[in-house]
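Morning, everyone. I'll take the strands, then the helices. Have the viewer open, please.

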Amino acid sequence: MPVKLPEDTDITFYNPNHTDSLTIHLKKDKPLWIKDLATIQIIRDNFGKRPIYFAVTCSEVDVFRHNFKNEGMVDHLVGNHNIGLLDIKRLVNNLINVYSYRGIFDNKLYKDSNMKRLVSNYGAAYLRASRHFSDRNDNEKAFEYYEQGIRFFLDETTLTQYLPLGLDLLLSLNNERKALDFVNKNVDLHPNNTDMIFKFGYLLSSKENLKDKAFELLNLAAVKQPSNTTYQYYIYSIASQTKEYEKGIDILRYMEEKTQSSQIKKFIDDLQAKIK
């Protein structure tokens, strides 16, 4: 039977010299199973004496997450004085020099959905490195790690979820030609992923030279999903912000014709008023 605490409880662990500590918060009535008690005891016995790691696939460690420092496929449990999202030096070294990806990209080897999900953790590690460099305005290096990481998303749904991130990085580098190539390639590869197409259009609309392509993609998404109210609002908003009123009106008129939406008519009327 699990143990239940009568009240919210904080447990603090100290290293041998009491120069660092780790505090976990346990909520009242949350059941603590044997595995939870064993984990707490492992931390009590080892904190500050030897490294403690959790695999990133370990799902039931929420009480420790604020003390995790990611190093790739593992999270290093650290004290309160060493908190950070990741250890970038160890993360990069593990990705490049330690991990082996032998059969991942061999299409002759069958990978079921569970294997694809596990493999995606490598991609997520690369994307964490990418975000680290992006946050420090090193977008060129961020895109390098993004390109490496996206290869590990073998599932169509997961892959397309992260494609707009790649476009965003290319636009931040002002590499418009490569951005267009990226968009055209992935629209051809994933023509039925309407959300991806719409997000591409949204991102391209921020660049003066790419507005025509942006509205082409927004129109393509609208044709596929004319009743999508999120699309309707953002097409109106993008047309207002870019002052491409007529292009927005043309798309919204098609959506209104298909849906008979009174809200779309209001959007159209507002854009028409701005033309005058």
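How many bridges pair β6 with strand β7, and in which sense? Three bridges, antiparallel, with β7 covering residues 74-77. Before more of that, the ground rules. This is a predicted model, so to speak a computed one: local features need pLDDT of at least 70, side-chain atom pairs count only at pLDDT 80 or more, and totals for chains, interfaces and linings use all residues. Residues are numbered from 1 along each chain as its sequence is written, and side-chain values use heavy atoms, with hydrogens and water left out.

Now the terms for this part. Helices (H or I, at least four residues) and strands (E, at least two) are DSSP runs, numbered from the N terminus. Two strands pair if DSSP finds at least two bridges between them.

Back to the sheet. It is open, with three strands in the order β5-β7-β6, and the pairing is antiparallel. The edge strands are β5 (53-55) and β6 (68-70), each pairing on one side only. From one strand to the next, the twist averages 35°. β5 and β7 run antiparallel and are joined by three bridges.

Who sits across from whom? Lys 69 has His 76 in β7 as its bridge partner. Tyr 53 also stands opposite His 76. Asn 70 stands opposite Asp 75 in β7. The hairpin of β6 and β7 has three residues between the strands, and there Gly 72 takes a positive phi near 125°.

Next, another strand pair. β2 (residues 9-14) and β3 (residues 21-26) pair in the antiparallel sense over six bridges. Ile 11 has Ile 24 of β3 as its bridge partner. This hairpin has six residues between its strands, and His 18 in the turn has a positive phi of about 55°.

Follow the chain to the loop between β3 and β4 (31-32), where Asp 29 lies. Its phi is near 70°, a positive value in a residue other than glycine. Is Asp 29 buried, exposed or partly exposed? The cut-offs: buried is under 20% relative accessible area, exposed is over 50%, partly exposed is in between, with a 1.4 Å probe and protein chains only. Asp 29 is at 43% relative accessibility, so it counts as partly exposed.

On to the helices. Two packed helices are described by the angle between their axes and the distance between the axes. Here, axes are lines fitted to C-alpha atoms, for helices over the stretch in contact, and angles run from 0 to 180 degrees between N-to-C directions. Contact means heavy atoms within 4.5 Å.

Take α7 (residues 194-204) and α9. Their axes come within 11 Å and cross at roughly 15°. That makes α7 roughly parallel to α9. The classes: under 35 degrees is roughly parallel, over 145 roughly antiparallel, 65 to 115 roughly perpendicular, and the rest oblique. The crossing of α7 and α9 is left-handed. Left-handed means the near helix is turned anticlockwise from the far one by less than a right angle; clockwise is right-handed. In α7, Thr 194, Asp 195, Phe 198 and Tyr 202 meet Tyr 231, Tyr 234, Ile 235 and Ile 238 in α9.

Now α9 and α10. They pack at an angle of about 165°, with their axes 8 Å apart. They are therefore roughly antiparallel to each other. This crossing is left-handed too. Among the contact residues are Tyr 231, Ile 235 and Ala 239 of α9, and Gly 248, Ile 251 and Met 255 of α10.

For the 15 residues of α10 (residues 245-259) that gives 21 Å, and the end C-alpha atoms are 21 Å apart, which agrees. Its buried residues are Tyr 245, Gly 248, Ile 249, Ile 251, Leu 252 and Met 255. What covers them includes α8 (211-224), α9 (229-242) and α11 (262-275).

After α10 comes Gln 260, in the loop between α10 and α11. Gln 260 has a positive phi of about 55° although it is not a glycine. It is exposed, with a relative accessible area of 64%.

Last stop: Leu 218, in helix α8. At 0% relative accessibility, it counts as buried. Beyond its neighbours within four places in sequence, Leu 218 is in contact with Phe 198, Gly 201, Tyr 202, Ile 235, Ile 238 and Ile 251. Leu 218 and Tyr 231 are 13 residues apart in sequence and 8.1 Å apart in space, C-alpha to C-alpha.

Technical notes: Expected span 1.5 Å × (residues − 1).
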